[in-house]
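This briefing sets out selected features of the structure displayed below.

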Amino acid sequence: MTIVVCIKQVPDTAEVRINPETGTLVREGVPSIINPFDMHAIEAGLQVKERIGGTVIVITMGPPQAESALREALSMGADDAILLSDRAFAGSDTWATSFTLAKAIRKIGADLILCGKQAIDGDTAQVGPETAEFLDIPHVSYVRRIEEITATSIRVQRLMEDGYDVVESSLPALLTVVKELNEPRLPSLRGKMAAKKAVIKKWGMADISADERDVGLKGSPTQVKNIFTPEARPGRKMLEGSPEEQVLALLGELRRIECL
Amino acid sequence: MPVVVDSERCKGCEECLSSCPFDALVMREGKAHINEYCQACVACVSVCPEGAIIEIEGGAEEAAHDVRRYKGVWIFAEQREGKVASVAFELLGIGRKLADDLATSLSALLFGASEKEAEELIKWGADRVFHAAHPVFEHFHDEPYVHLLSSLVKEHRPEILLAGATPIGRSFFPRVAARLRTGLTADCTSLAIDAETGNLLQIRPAFGGNIMATILCPRHRPQMATVRPRVMKRGAYDEGRRGEIVAVSADGIQPRTKVLQSVKEVSECMVNLQEAEIIVSGGRGLGDPKGFALLQELAGLLGGAVGSSRAAVDAGWIPYRHQVGQTGKTVCPKIYIACGISGAVQHLVGMQSSDVIIAINKNPDAPIFNVATYGLVGDLYEIVPLLIRKIKEHRGIAQ
């Protein structure tokens, strides 16, 4: 079984702070990490391999620096890694990203594709399902448990708002996974050594036979018009004085607006 | 449109570097250089004192759709077990407004459920409902939803298509966008029509929820977006509203997935949190899991529920089901009391549409005060007990 895990290198957004004076992002010293949900996808891939055999291939699309994310996945036990990197891929939205990933996955020929449910920087949760559409295969989102897998089918639990569904799908299929699925393993020392020496394949636009009209900014239907920091709520009142004075002022305000 | 640096004009002053939220500007051989992280957000263009950063022609023109041929606003009305999800009525509220601004009609799509539910959608603001009654919609499968919705869009060409950012909407809507070769913007917190171009302005948190971005889909249709439940307000209900119900067929659509079982795991607490009119929420500033007992006392007194920030959940002080924010629940109570919550934007996007926000924090610079209606600076262990005592006094409850 060929298992492809799609990962993304993201800034650790929990470390990002806003400068209260300028209202801009403070990005200095923010480390790059593997998207936390993708760590669970890697672990799931390794567990499937241990259960029924196969090869785990991790792929990512990003700038050359994203190679370090692939090496980390290799150190956890992935067999192979591919970096999709090309200046032409720059500025991809979810449509162009999924299209590019699907082209690469088609070239690899996968039976099972695993993605994290969403990336913590974009939070769209769109790349998994869109990739499945381009590959014309079924997908199941928000997988919290893999109950059974054979060479031709898979049975999983899909998290819903009020519980879960047990869903069966034919293979090949794509799953997006949530954190409840598993606990990602730590890399072994041997894994780290091997990952350091591993040769990571680099594929550009020509390697996946993509057309420049379908990738990067040109292939992206959406555009970022502008970005801004949320403004302070109009009419905000900072209450003053001792704690007791503040509490009395608050109760007065709440009575005034008939909230108490 | 793509952004480039004119290296002739660039003086290497590095002014632009900190303007980029995506780390896409780097110095190379003394000149600014734009790398693969660029999202063409143009934040840097106005910063350059030399005017060396410019937007150039290009972008997604070649595969563009003829946007003028697309008319009308559509919303996807999700149902489960025959019951329409409340987010559908919220989408009708915003959809009605967008349709009125564009002087066009509003249609709802209902796959499954009964015609009676379709009639309700009209009373909540729809002019037309496409209703597909078919057993394939008894359980949720992505493929039948994708297939039917895509073919209806191809036939009728709406300019805007919205869905709820629920597990169902977030799962199948991306496939529809992929198939239709159009853009999709997730979790919009605000939607409006650009008066000049007629394009849909889609505002959403970006960069892990640390900033907001306005997204456009100028050359492709429909412009697709999802909206989280409880972000938009419902429109007006009109018992006498009349509209058209169009029956559509879903025959011959076979999913490759099969739902074997649906298991309910409803937590009372979770339901309470989203329906509570008052929420008392605690964060890292509590310093201790015992702080939640104090918040529980205040919440109990006010008839409200207890929420928390991600930090408190990560610290193991309170279960995940209490978490409010981008990776927790979106809430919209009448009063939200944030105690010891600094206000990372991840948290703010989950609660900032609350009617009244009261923030209690030691740090006067905490970002929570930016969204607060009333801010109290001080030790929550002093302020909250005082608040409890004063409310009791006010109500004449003996100590």
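A:Gln157 of this predicted model is buried, with a relative accessible area of 4%; buried means under 20% relative accessible area, exposed over 50% and partly exposed in between, with a 1.4 Å probe and protein chains only. The residue A:Gln157 lies in strand S10 (residues 153-160) of chain A. Helices (H or I, at least four residues) and strands (E, at least two) are DSSP runs, numbered from the N terminus.

Residues are numbered from 1 along each chain as its sequence is written, and chains are lettered from A and ligands numbered from 1 in the order in which they are written. Local features need pLDDT of at least 70 and side-chain atom pairs count only at pLDDT 80 or more, whereas totals for chains, interfaces and linings use all residues; side-chain values use heavy atoms, with hydrogens and water left out.

**Strand residues of chain A**

- Leaving aside neighbours within four places in sequence, A:Gln157 is in contact (heavy atoms within 4.5 Å) with A:Tyr142, A:Val143, A:Arg144, A:Arg145, A:Glu147, A:Tyr164, A:Asp165 and A:Val166.
- A:Ile33 belongs to strand S5 (residues 32-34) of chain A and is partly exposed, with a relative accessible area of 23%.
- The contacts of A:Ile33, apart from neighbours within four places in sequence, are A:Lys8, A:Gln9, A:Val10, A:Asp12 and A:Ile120.
- A separation of 25 Å lies between the C-alpha atoms of A:Ile33 and A:Ala110, which are 77 residues apart along the chain.

**Helices H1 and H2 of chain A**

- The axes of H1(A) (residues 36-52) and H2(A) (residues 67-76) come within 10 Å and cross at roughly 35 degrees; axes are lines fitted to C-alpha atoms, for helices over the stretch in contact, and angles run from 0 to 180 degrees between N-to-C directions.
- A:Met39, A:Ile42 and A:Leu46 of H1(A) make the contact with A:Glu72, A:Ala73 and A:Met76 of H2(A).
- Seven of the ten residues of H2(A) are buried, and the helix is mostly covered.
- Among the buried residues of H2(A) are A:Glu67, A:Leu70 and A:Leu74.
- Just after H2(A), A:Gly77 takes a positive phi of about 130 degrees.

**Helix H3 of chain A**

- H3(A) (residues 94-108) has 15 residues and reaches 21 Å from its first C-alpha to its last, close to the 21 Å expected at 1.5 Å a residue; the expected span is 1.5 Å times one less than the number of residues.
- Eleven of the 15 residues of H3(A) are buried, so the helix is largely enclosed by the rest of the structure.
- The buried residues of H3(A) include A:Trp95, A:Phe99, A:Leu101 and A:Ile105.
- At the start of H3(A), a side-chain oxygen of A:Asp93 comes to within 3.0 Å of the backbone nitrogen of A:Trp95.

**Chain B**

- Chain B contains ten helices and 22 strands, and its C-alpha trace spans about 70 × 65 × 40 Å along its principal axes.
- Of the 399 residues in chain B, 57% are buried.
- B:Ile245 is in strand S16 (residues 244-247) of chain B and counts as partly exposed at 26% relative accessibility.
- Not counting residues up to four places away in sequence, B:Ile245 touches B:Glu115, B:Ala118, B:Glu119, B:Ile122, B:Val129 and B:His131.
- The C-alpha atoms of B:Ile245 and B:Ala108 are separated by 9.5 Å, although these residues are 137 residues apart along the chain.

Notes: Polar contact = N/O pair within 3.5 Å; in protein donor to acceptor, adjacent residues only side chain to side chain.
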